[in-house]
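Please have the chain open for reference.

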Amino acid sequence: MHAELLKLQKVRIIPVLALPNVADAAPVAEALVKGGLPCAEVTFRTDAAVEAIRIMAKRGDMQVGAGTVLKVDQVKAAVDAGATFIVSPGINPKVVKYCVDNGIPITPGTANPTDIEVALDHGLEVVKFFPAETLGGLEALQAFSAPYNMMRFIPTGGIGPKNLLDYLKFPKVIACGGTWMVKAELIAEKKFDQIASLSREAVQLAAGSRS
């Protein structure tokens, strides 16, 4: 497994956020670090994504990735800004191939056996399972894992404090992506202390999966 993915496995939770305003990048990053969650997936859902990645990555104490990556050009922009891992909602063979050929860790979204086989064909060991709860949640993931027991997963979509631990206790899950600690309204209302608090609670909750 790529070193960056091993880091995610240690963190266990990946905050997934969209930042409409570049000015919020620094305080959100500070809040996540204060909460003991030095990781972020900054999605390409806003025009501020690249600069936000740059600001967060420059700290040097965070693992910063790019999410909702749909094109090779976005991979290039994200990596140039300091992103160390790439996440996509689906599996685009062009994007995956570019990342694999250039040694960039990518976890593309998978929703069915065919997606998983495409990922395996590209030599991937870890994929995103998205949207997790909509697709049947942990029960569906366990079913997929039976014939593909060589694959590891990062479930994302509909995961929060109520079901996080259930996912993390499944051995094939290395980490979970979530938005509950970095919801858009928290960022818009500048509730950075609350982001830190929710992050701290998430870290404490995830610690229970190791027992």
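The model is predicted, so local features need pLDDT of at least 70 and side-chain atom pairs count only at pLDDT 80 or more, while totals for chains, interfaces and linings use all residues. Residues are numbered from 1 along each chain as its sequence is written, and side-chain values use heavy atoms, with hydrogens and water left out.

**Pockets**

- A pocket is an open set of points on a 1 Å grid over the protein atoms alone, where a 1.4 Å probe fits, with protein on both sides within 12 Å along at least five of seven lines; lining residues have an atom within 4 Å of a point.
- The largest pocket holds about 400 Å³ of space, a volume being the space filled by probe spheres set on points joined across faces, edges and corners.
- Its lining has 26 residues, and Val16, Leu17, Ala18, Arg45 and Thr179 are the closest to its centre.
- Two or more lining residues come from each of strand 1 (13-17), strand 2 (39-43), strand 8 (176-178) and helix 9 (184-188); helices (H or I, at least four residues) and strands (E, at least two) are DSSP runs numbered from the N terminus.
- Helix 9 gives the most to this lining, with 3 residues.
- By residue class, the lining of the largest pocket has 12 nonpolar, 9 polar and 5 charged, where Ala, Val, Leu, Ile, Met, Phe, Trp, Tyr, Cys and Pro count as nonpolar, Asp, Glu, Lys and Arg as charged, and the others, Gly among them, as polar.
- About 200 Å³ of space lies in the second largest pocket.
- Among the 14 residues that line the second largest pocket, His2, Leu5, Pro105, Gly123 and Leu124 lie nearest its centre, and the lining divides into 9 nonpolar, 4 polar and 1 charged.

**Nonpolar cores**

- A nonpolar core is a set of buried (under 20% relative accessible area, 1.4 Å probe, protein chains only) Ala, Val, Leu, Ile, Met, Phe, Trp, Tyr and Cys residues joined through side-chain atoms within 4.5 Å.
- The largest core has 62 residues, with Val28, Ile53, Met56, Ile86, Met181 and Ile195 making the most contacts inside it.
- Helix 10 (residues 192-207) gives the most to this core, with 6 residues.
- Another core of 10 residues lies apart from it and includes Leu5, Val87, Val126 and Ile174.

**Val127**

- Val127 lies in strand 6 (residues 126-129) and is buried, with a relative accessible area of 0%.
- Beyond its neighbours within four places in sequence, Val127 is in contact (heavy atoms within 4.5 Å) with residues including Thr107, Ala119, Met151 and Phe153.

Note on methods:
Buried < 20%, exposed > 50% of the residue type's maximum accessible area, 1.4 Å probe, protein only.
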